[in-house]
Amino acid sequence: MQTRTIYKWGSPEVEEKLPEHTLKFLESQFPVDKEFKASFPKGELPLNPLKKSKLSQAVITKLKQIVGKDYVALDDVSRARHSIGKFYTEIYKARFGEVSDVVDVVVSPKSEQEVVEIIALANTNKIPVIPFGAGSTVTKALQAPKGGISLDLSRLNRIIEFNAIDSTVTVEAGVYGPVLEKHLNERGYTCGHFPQSFEFSTVGGWIAAKGAGQASTGYGKIEDILLSLTAITPAGKFESKSYPAASIGPDLFRLFLGSEGSFGVITKATLKIRKFHPENSAKGSFIFKNFEKAVETMRDVMQSGFGKPHFFRIQDPEETDISFHMSGLHGGKEDYFLRFIGYKPMERSLMHIIIDGDPTYAKEVLKKIKKIAKRNGGFSTGESPVNKWLHQRYSSAYLRDYLMDEGIRIDTLETAVSWSNLHGLWEKTRAYIKSHENTSCMVHISHAYENGANLYFIFLSPIDKKNEESSFVKFHKGIIDSIHKNGGSLSHHHGIGRMLSPWMEGEVGKEGLRILSSLKKTFDPKGIMNPGGLLGLK
């Protein structure tokens with residue numbers, strides 16, 4: 001197994017690169033010392049020796065009896081790959097061969113019964129268990145400060161039942177996004193859940209992180225799509241039923257939404273599905289003279305009651321400007337025309353829209369959105385910007401590794417915020433980020449609601465060649481503080497993990513943490529499930 005798979009995004013066969021004009025633009029924006037860039041670790045790199053596995057031979061032998069010897073991995077590369085996600089400092093340190101807080105073993109069950117037996121063995125021996133889907137988390141949720149078992153669920157990948165009458169699909173937790181979507185599309189349906197990690201994330205991971213997809217404005221976040229689930233906990237098996245709605249006390253299955261493996265292992269789920277005919281989709285884009293008018297348009301659409309886009313996105317002025325540079329539009333005839341009619345660089349804001357469903361409905365909703373956009377000074381720029389964005393909606397994730405090769409740091413933080421607090425949060429958090437030398441801050445809204453929206457901050461700067469880890473941690477903490485004190489949630493869809501745990505008491509309060517701790521003790525009395533500071537739990 002390649003060591004680059006430990007810290008690189010996606011497929012080891014894919015290497016995304018930027019066009020020459022884009023690279024020159026980035027070099028002008030983020031000057032990097034040439035000697036430093038040449039010496040910065042890249043490519044296939046050696047891995048420093050890991051801590052030896054602490055598990056007894058008797059436990060290893062029993063695990064092999066449960067799943068088969070070929071599905072118990074003790075080698076350093078497997079253990080390292082299952083002990084980090086894609087948080088910035090994790091992949092940065094891995095470039096230097098450093099992966100700490102590693103699991104003792106990687107075990108890959110193929111059935112729910114094998115999961116039951118593994119959890120029982122671990123519980124008896126007080127061995128930590130960390131569920132692993134596809135490893136795309138960006139919240140440090142996979143680190144193993146107490147060692148233990150990485151429970152790789154990739155073999156629990158069956159599509160159990162497609163039910164057109166009920167518009168549902170039941171799947172095992174290890175099913176990857178593209179496999180599920182292909183199965184549904186062949187039958188004229190969609191799940192509607194398209195996170196940027198879509199190609200390298202699983203249904204169980206979507207639920208455990210309480211994730212969102214790029215079309216969640218229309219289809220809903222995963223909590224809106226999930227109907228029921230099965231979870232194996234140290235205290236026993238929990239299984240809910242797939243009612244369309246019910247009044248039978250609190251919805252207990254929702255306790256596992258966002259639980260990030262701290263209560264148990266999600267093994268199965270039933271999801272809502274929708275009929276899908278992409279040829280019916282209506283697409284459009286608009287450019288506004290400023291971010292405020294774009295946001296006002298989005299809010300008006302979400303509160304008007306005539307329908308809403310499935311995909312609804314606004315790029316703020318800096319993200320719009322960088323998009324113009326990176327796509328080669330900067331300085332072209334379209335750019336000069338827009339400037340001429342008053343849509344100026346670093347002020348203008350781009351909006352993308354896709355409406356799915358019945359063709360008459362889609363066209364009518366787009367028609368009404370156009371009226372609202374025009375009223376707010378929006379200039380229609382057609383389908384082309386949307387199609388260009390769709391073309392790179394997943395491949396752009398690979399550019400993080402490429403930019404790091406070039407000595408450029410790029411990372412993200414996201415939040416949910418009410419409409420009344422949105423502009424203040426955007427301005428103040430951007431001001432904090434921009435106060436750091438040679439730092440760009442791109443922000444977009446990609447999920448909208450009647451009551452507010454998310455803000456997704458992307459920040460770029462040259463890597464600190466002397467103190468990168470400590471300077472990033474300090475900078476990153478300041479962004480979280482700014483978001484939280486200005487009315488934003490700790491997360492909208494990435495989850496909490498260990499990254500945001502220090503802020504959890506401020507988010508949910510002491511009573512909230514007490515309730516979470518009580519649930520933890522109920523499901524996991526010996527504290528074996530993903531221990532070590534996850535979700536603010538001790």
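At what angle do the axes of helix α6 (residues 88-95) and helix α19 (residues 468-485) cross? The views below are of a predicted model, in which local features need pLDDT of at least 70, side-chain atom pairs count only at pLDDT 80 or more, and totals for chains, interfaces and linings use all residues. Residues are numbered from 1 along each chain as its sequence is written, and side-chain values use heavy atoms, with hydrogens and water left out.

**View 1. Crossing of helices α6 and α19.** The two axes cross at roughly 175 degrees and come within 11 Å. Helix α6 is therefore roughly antiparallel to α19 (angles under 35 degrees count as roughly parallel, over 145 as roughly antiparallel, 65 to 115 as roughly perpendicular and the rest as oblique). Axes are lines fitted to C-alpha atoms, for helices over the stretch in contact, and angles run from 0 to 180 degrees between N-to-C directions. Helices (H or I, at least four residues) and strands (E, at least two) are DSSP runs, numbered from the N terminus. On the α6 side, Tyr 88, Thr 89, Tyr 92 and Lys 93 make the contact; on the α19 side, Glu 468, Glu 469, Phe 472 and Val 473 do (contact: heavy atoms within 4.5 Å).

View 2. The buried residues are Tyr 88, Thr 89, Glu 90, Ile 91, Tyr 92, Ala 94 and Arg 95. They pack against α1 (4-7), α17 (399-405), β16 (408-418) and α19. Gly 97, with a positive phi near 85 degrees, follows α6.

**View 3. Open sheet with mixed pairing.** Its 4 strands have the order β1-β2-β4-β3 (two strands pair if DSSP finds at least two bridges between them). Strands β1 (72-73) and β3 (129-132) are the edges, each pairing on one side only. Strands β2 (residues 105-107) and β4 (residues 149-152) run parallel and are joined by 3 bridges; Val 105 has Ile 149 of β4 as its bridge partner.

**View 4. Helices lying across the sheet.** Helix α4 (residues 57-67) lies across β1, β2 and β4, and runs at about 20 degrees to β2. Helix α7 (residues 112-124) lies across β2, β3 and β4, at about 170 degrees to β4.

Terms used
Buried means under 20% relative accessible area, exposed over 50%, partly exposed in between (1.4 Å probe, protein chains only).
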